[in-house]
Number of protein chains: 2
Amino acid sequence: MRSENGPGGQPDEGTGGPGSGKAAPEPERSLIEKVRRAQIIEAAIEVIAERGFAKASMAQIAQRAGVSKGVISYHFAGKNELIERTVEQVYEALGSFVQSRLAGQTGAAAWLRVYIGSIAAHMADHRSQLAALGEIFTHFRTDDGELRYGIASSEPLYAHVEDVFRAGQRSGELRAFDARVMAVSLQAAIDHMFAYWSTHPEHDLAAHARELVDLFWHATRAQHPDDDRADGGPDDHHPALS
Amino acid sequence: MRSENGPGGQPDEGTGGPGSGKAAPEPERSLIEKVRRAQIIEAAIEVIAERGFAKASMAQIAQRAGVSKGVISYHFAGKNELIERTVEQVYEALGSFVQSRLAGQTGAAAWLRVYIGSIAAHMADHRSQLAALGEIFTHFRTDDGELRYGIASSEPLYAHVEDVFRAGQRSGELRAFDARVMAVSLQAAIDHMFAYWSTHPEHDLAAHARELVDLFWHATRAQHPDDDRADGGPDDHHPALS
DNA sequence: CCATTTTCTGACCGCATGGCCAGAAATTTA
DNA sequence: TAAATTTCTGGCCATGCGGTCAGAAAATGG
């Protein structure tokens, strides 16, 4: 089934989530190969972000990249591989950034503040990547019709956030609540923060992120009737947005 | 530009949100007309929910409805009108249900409980409608490429929820926070509750909804250090989900 | 400098889409 | 019943899609 000429990609990469494979064999690539792949992925991000997934055809992406359509087929096994490599690249960049910011932080309060803040900070500098990711997650489907990156592929993320909440509950820092629902709702609030920002570019993303920290801190912290400002609450102001 | 035979619809309906038009002139329709339109809309909901917006072609919808493709073109001005009528129908059913449940409720605590609970209850009984709405909101675009029902069309909803929060703040029932961010986050949490439920059908939707009430009650209520269980908090249990 | 390999082009293929329409069928009206 | 109108069918069209291909162009290397 593979193209007979051209390097293509590794077509059968499996079913894991976006960053699921550190087991990628990474075949050697010539210089041109690496440059072209990066160039095409960048073009794909721009076109998807600007025109939406459905309108982001191979022809559009090729035109944006300044090459002919066949080049994409030459350097990638097909559109599916192009999209998957694009997701991997964006997702890994975000993940490693957040992880580096999170390193060394202890306690649920600090974790909340740094987690939300660093995601917002990184995405504020990568708007196209953000928009493209959103389009891909909601539109890209496998051959059998299921969303390629659906809720199911967020499972590792949910599980991790859930663990953080559970640890906070065990330590007494957080109240009793359903950690899975809280994790899903936190991701939801972050997602929609970006969606709202995308259509209201003048909206203050950093301030929104701080409000979100505040929201989830109030929602999760254990009750300390008196010292509600002495227990390391992550934030302390309520600026009026917009 | 209009079809020369057949009733079609009213093509130039404007740009308002889903339920924006109570000014719909509702032209007289024959019995067959009404039956066919309902039948086709129902088929559209099923196909979109099951196969996704992109795969929901006129041919697919016609086949599901048990009629030939041309019938849709005869009764609707085009695919766009079919989708818009579908959204209106689903959205208005939900809206009137929630509004009836909300009537007579006073206080932010009761409002939160009834608002979240009634949306969840109604949607639990209309899974296909819910899935179809989600697909349409994220995929359906106007001719110029913009999402037909984007964040912008949720503005009236956001504004209303915002008002409820502001009233609660003025009455002293709720703490100081950014009402817009809270409104966006509440809608986000509700949206994702359904998304999560869609891919985890065994998930307990009602319990999730109760957790959400709890979450936003803790996030928004004013601090009453001692009587945090005596001030009419909407919910009082933390069942472990899943 | 020429042979070999890598890279690229632009035309082409089969397919699915939304919309269109001539005419058939069914229903209503006179 | 006969004419008029409404409703329906199924095939057709132009368009755009992802993917393929023969051969041109460029890079490589002996």
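Colleague: How do the side chains of B:Glu81 and B:Arg85 meet?
Modeller: The general idea is that side chains of opposite charge can pair when their charged atoms come close. The rule for a salt bridge asks for a side-chain nitrogen of Lys or Arg within 4 Å of a carboxyl oxygen of Asp or Glu. In this predicted model, the side chains of B:Glu81 and B:Arg85 form such a salt bridge, with 2.9 Å from N to O. Both residues sit in helix 4 of chain B (residues 79–102), four residues apart, which is about one turn of the helix; a helix here is a DSSP run of H or I with at least four residues, a strand is a run of E with at least two, and both are numbered from the N terminus.

Colleague: What should I know about numbering and confidence before I go on?
Modeller: Residues are numbered from 1 along each chain as its sequence is written, while chains are lettered from A and ligands numbered from 1 in the order in which they are written. Because this is a predicted model, local features need pLDDT of at least 70 and side-chain atom pairs count only at pLDDT 80 or more, whereas totals for chains, interfaces and linings use all residues, and side-chain values use heavy atoms, with hydrogens and water left out.

Colleague: Are B:Glu81 and B:Arg85 buried or exposed?
Modeller: One reads this from relative accessible area, where buried means under 20%, exposed means over 50% and partly exposed lies in between (1.4 Å probe, protein chains only). B:Glu81 counts as buried because its relative accessibility is 5%, and B:Arg85 counts as buried because its value is 10%. For contrast, B:Arg166, which lies in helix 7 of chain B, is partly exposed because its relative accessible area is 37%.

Colleague: How many salt bridges does the rule find across the interface of chain B and chain A?
Modeller: The rule finds four of them across that interface, including the one between A:Asp214 and B:Arg175, at 3.4 Å from N to O. There are also eleven residue pairs in polar contact, both residues at pLDDT 80 or more; a polar contact is a pair of N or O atoms within 3.5 Å, where within protein one must be able to donate a hydrogen and the other to accept it, and residues adjacent in sequence count only if both atoms are side-chain atoms. On the side of chain B that touches chain A, helix 8 of chain B gives the most, with twelve residues.

Colleague: How much area do chain B and chain A bury between them?
Modeller: Buried area is the accessible area (1.4 Å probe) that two parts lose on being put together, summed over both. For chain B and chain A the value is about 3,700 Å², with 60% of it on carbon and sulfur atoms. The contact, meaning heavy atoms within 4.5 Å, takes 42 residues from chain B and 42 residues from chain A.

Colleague: Which residues are the closest to DNA strand D?
Modeller: A residue is near a strand if one of its heavy atoms lies within 4 Å of it. By that rule 16 residues surround DNA strand D, and the closest are A:Met58, A:Lys69, A:Lys79, B:Arg36 and B:His75. Helix 3 of chain B gives the most to this surface, with five residues.
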